[in-house]
Amino acid sequence: MGRDTIADIITSIRNADMNKKGTVRIASTNITENIVKILLQEGFIENARKHRESNKSFLVLTLRHRKNNKKSYRRNFLNLKQISRPGLRIYSNYQRIPRILGGIGIVILSTSRGIMTDREARLEGIGGEILCYIW
């Protein structure tokens, strides 16, 4: 785990999904808990529970998978892309928040009122830092 917690979350979930793992364990921070809460609300993951081991807290996520036995090549069900990173922050006002796949995917933003999806930010009329895209 490095210093960029959002990249660590995205990479862990993407790798577990590509390797058809049922669960993934990530470090628990306020940012990760808020992002996982959004993933649960939007239905991208099945379950999340908090686990504690020797003074460290972890989140154990249960991933959702599509069953596709007809083809040997399986397209990833969960696509995640980090946008802002420590060296380059990307900000947007509420009118210019991008729509992913015409509204099927979500954009996770860090706003002055907390971490929220693009739909919530548009409804409240606030912009912020674009953390990642999920579709």
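The model is a predicted one, in which local features need pLDDT of at least 70 and side-chain atom pairs count only at pLDDT 80 or more, while totals for chains, interfaces and linings use all residues. Residues are numbered from 1 along each chain as its sequence is written, and side-chain values use heavy atoms, with hydrogens and water left out.

The secondary structure comes to three helices and eight strands, where helices (H or I, at least four residues) and strands (E, at least two) are DSSP runs numbered from the N terminus. Along the sequence these elements follow the pattern α-β-α-β-β-β-β-β-β-α-β. Of the 135 residues in the chain, 39% are buried, a term that stands for under 20% relative accessible area, with exposed meaning over 50% and partly exposed in between (1.4 Å probe, protein chains only). Among contacts (heavy atoms within 4.5 Å) with a separation of 6 or more, 59% are between residues 24 or more positions apart.

Helix α1 covers residues 5-18, and its 14 residues reach 20 Å from the first C-alpha to the last, close to the 20 Å expected at 1.5 Å a residue; the expected span is 1.5 Å times one less than the number of residues. Its buried residues are Ile6, Ala7, Asp8, Ile9, Ile10, Ile13, Ala16 and Asp17, and what covers them includes β1, α2 (30-42), β3, β4 (80-82) and β8 (128-134). An α-helix has 3.6 residues a turn, so residues three or four places apart point the same way. In α1, Ile6, Ile9 and Ile13 meet Ile31, Thr32, Ile35 and Leu39 of α2. The two helices, α1 and α2, pack at an angle of about 45°, with their axes 10 Å apart; axes are lines fitted to C-alpha atoms, for helices over the stretch in contact, and angles run from 0 to 180 degrees between N-to-C directions. That makes α1 oblique to α2, given that angles under 35 degrees count as roughly parallel, over 145 as roughly antiparallel, 65 to 115 as roughly perpendicular and the rest as oblique.

Three strands form an open sheet in the order β1-β3-β2, with antiparallel pairing, and two strands pair if DSSP finds at least two bridges between them. Because β1 and β2 stand at the edges, each with a single partner strand, one side of each is left without a neighbour in the sheet. From one strand to the next the twist averages 25°. Strand β1 (residues 23-27) has a covered face formed by Val24 and Ile26, and an uncovered one formed by Thr23, Arg25 and Ala27. Five antiparallel bridges link β1 to β3 (residues 56-63); among the partners in β3, Thr62 faces Thr23 as its bridge partner and Leu61 is that of Val24. Helix α1 lies across β1 and β3, running at about 170° to β1, whereas α2 lies across β1, β2 and β3, running at about 155° to β2.

Two loop residues deserve a separate look. Lys20, in the loop between α1 and β1, has a positive phi of about 60° although it is not a glycine, and Lys20 is exposed, with a relative accessible area of 54%. Asn55 lies in the loop between β2 (45-53) and β3; its phi is near 70°, a positive value in a residue other than glycine, and Asn55 is exposed with a relative accessible area of 70%.
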